[in-house]
Amino acid sequence: MRYAMAVDTLKCVGCSDCVVACQTENNVPIGHCRDWIVEKTTGTYPKLQLEIRSERCNHCANAPCVRTCPTEASHYAQGGIVLVEESECIGCKACITSCPYDARFIHPEGYVDKCTFCIHRVEKGQEPACVAVCPTHCMTFGDLDDPNSEISRAMATRKWKSLIPEAGTDPKVFYLI
Amino acid sequence: MSTSMNRRDFIKIAGVGAGSLAFATPLFDFSTGEILAPDTVPGMYAKRTPTYCEICFWKCAGWVHTNEEGKIWKVTGHEDDPHSNGRLCPRGTGGVGMYNDEDRLKTPLIRTEVNGVQTFREASWDEAFTYIADKLKIVAEEHGPECTALFSHGSGGHYLGDLLNAFGSNSITAPSYAQCRGPREVGFFATYGEGVGSPERVDIRDTRCLVLIGSHFGENMHNGPVQEISQATAKGASIITVDPRFSTVASKSKFWLPIKPATDMALLLAWMHVIINENLYDKEYVEKYTYGFDDLKAHVATHTPEWAYGLTTIKPETIRETAREMANASPRVIIHPGRHVTWYGDDTQRLRAVAMLNALLGSWGRRGGFYNPEKVSFKTYPHPHFPTPKRTWKDAHPGKFKLASLALASGICDATIPTSERDCSFKAWIVNGTNLIHTLPNQANTLKAIQALDLLVVIDTMPMEITGYADVILPECTYLERYDDIRVSAHREPTLALRMPAAEPKYNTKPAWWIAKNLAEKMGLGAFFPWKDIEEKLDWELKQVGSSLEEMQRIGVKKMKRSYDDLYPMENLEDFEFNTNTGKIELYSTAMADEGYDPLPKYKAHEEPPSGYYRLIYGRAPMHTFSRTANNPNLTDLMDENSVWVNPKIAKEWGLKNDQYLWLENQDGVVSKTPIKVRITERIRFDSVYMVHGFGHTNKKLTRAFGRGASDADLITRVHIDPEMGGTGMRGNFVTFRFEAGEEVSS
């Protein structure tokens, strides 16, 4: 089982619903976020392109955060989801500096926090909160090892990219372009 | 009226702390709602209660989830609701922030004077009601009850409207008409004998071509259309976006037409010219259903794409290509009527042109065009007949705005300022859930009207700017803490939706129905609210349509069957009589001609910005609704200020840098009260600047919103009035950059 997410940049309107849904679902404190929106404009008026992405922890298969964590608080869980065990985390921030995606932050209670792919929902057969709320249905979550999963089919039929592939992190969040 | 009240100073609400106040007695039975299985997250034992959203007026139905302590945790969409399809937008998802906002109004307040300084004192509900009832009695005796007006933008308006009607006034208004969608309703009514309504009857889901003129879905986060645009484009539909700004949806469009602002009418006339002259129109449909085609053909004969090019800056071949794109998709094409359409004062005529273009392409009443909505025939709890008012809101403007079908918020505001010509001016306002200081254009005029009032009552959840001018402030609880009327909305399928409290009202706040009923009793009008409480009223009403309050508490949304199979009544050229003078779709409007207005829309040149000034265009951000969300902790976390979009060429000319703060000054020398951050972007034309509406709050009690960003409403001092229906065109204002603040403003 390899959990992954695909974000369709052609559909995403950057409304930030995913951000606030994550915040309420996971009680992320005001002032912090586990996912966020990036908008990139290219070209000059009037020949313009705009790419909008909902970004989050890439749940890398070769995760620098897991390698640098001195206490093994950062670890791989089922399906390759990268998690932080709060009780093991000493707040040293080594993982924060090693993450090329800037996906982690220090929770006001002192531990490192980030996207969990809503593992508590996934375990119950639900989609992550961001996927479930998106008004444009731009996100797909599922198992890459299942060739019939929606995400496997999207990856097989659409052009896609991942972020900073040269970092060699083997990210599991993909962007359909 | 005491002399000390002659000057209505803005009061920064003080001493509202609820520490000493007793919490409200529970009004509701919380035993209902669906109990869910224990959540796997420790400590999150969830129960859910139905609601429909109040953050904007799409009114999506959803579920409010509470944890085991009864604390509201999150709000999610209702899977059976056609407005939300189980998915709320960011504002609805962030609705919990409205409930948690610690800056909320907490207890009734009455304006008083201490040592010559006006201030608010805390009051009990009974004291506040007595104060209002006494003042209204004097207004009724001296001027007549019809000199009282209600401005309302929200669900509480139904109850307060009943109160006003019972009192003897029908001047009940919402800024959503004259400041927003009124011209659209009038323009479509003149053409089809029906308005567009809300939610709009557009069948985006099945369209093949969607044309958006100034509509910026995705930034304007009306849930249904945003969802359906995503569905339609995935199925191959094309979008044509006409906007001086490269909006989010422009970036998803096959064609982006960066039109010179204020010239949309020229483009519409040229499109009709191409569609008629290239024989691209739906001949059978036009022949069967329309009136005045030959008049229209003659009318647009000279409106060639070459003619329009000089006005719009859109190349003739682009105008032709996009006209053919629409015609190829016909009848599954939508030239979207938009929603906020009060731009240049000839908006009814522009929306007529939109309606006519749709008629030429045969999209009205067809799949992928405009569907025929249906709502449940719903009977409200019986009450005695309301008295007939001696004067109505129409009498305030004799002979003008003859096609207006609803009261004009701006018109009532104007008719509050006494003049020698008018024998009666409005003397009392009740304002519910609308921040008129930011909502109405021309703030100086609004403030003048407020100064002329004998009584201003504001009912709101937040200390918006309007509350500072109130004589009495009544704190309403949020939609998550109250019942309201059943949502009976028109859609493809008729549905009912229930809003019920998910938690007890915080602080000393109350729902609008309770406020209206208790104030009515204080005024001796209790007979008009004959129900014991809201639950009795809702249960009675629901039982008339085969449901019950108990059922709705369980299911939240009830889908009903359509009465007839007429979702697309013109799909196969079925016989149909339209509600117009001719019984046809009127390309030539006989109703307009009868009232002395242009029966066919004409292009009118609008004023252009003077040198060094730029047209002020405003719009929406997906995470905010007007100014009402500007202090919501979850939503300000996403966006806590607006910026002014400036084309790089203009920025270079002025030496502007990204993220620098400056002030905007308009053509009348009015300077924004607060500074705004510069955003240099290729996404805006060189003759315009753009900002998101709803920022620049000046009330310090809005701790997150105070002083953040600037208010476009400050700068909209020039208003172009729509002669047909009184809409306030607000896009004829021009701004320049200023590097120091304007003079200190007292509020």
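Which residue in E10(A) does Val7(A) stand opposite? Tyr175(A).

Some ground rules. This is a predicted model, where local features need pLDDT of at least 70, side-chain atom pairs count only at pLDDT 80 or more, and totals for chains, interfaces and linings use all residues. Residues are numbered from 1 along each chain as its sequence is written, while chains are lettered from A and ligands numbered from 1 in the order written.

Now the sheet in chain A. Four strands form an open, mixed sheet, ordered E8-E1-E10-E9. Strands are DSSP E runs of at least two residues, helices H or I runs of at least four, both numbered from the N terminus. Strands pair if DSSP finds at least two bridges between them. E8 (139–143) and E9 (160–161) of chain A are at the edges with a single partner strand each, so one side of each has no neighbour in the sheet. Helix H6 (150–157) of chain A packs on the sheet and touches E1, E8, E9 and E10 of chain A. Contact means C-beta atoms, placed from the backbone, within 7 Å. Inside the sheet, E1 (3–8) and E10 (173–176) of chain A run parallel, joined by four bridges.

Next, the contact between the chains. Chain B gives 32 residues and chain A gives 31. On the chain B side, H6(B) supplies the largest share, four residues.

Last, the domains of chain B. Domain 1 is 188–371 + 577–594, and domain 2 is 614–738; such bounds come from an automatic or database domain assignment. Their centres, over C-alpha atoms, are 28 Å apart. In the contact, 18 residues of domain 1 of chain B meet 23 of domain 2 of chain B.

Terms used: Contact = placed C-beta atoms within 7 Å. Axes fitted to C-alpha atoms, helices over the stretch in contact; angles between N-to-C directions.
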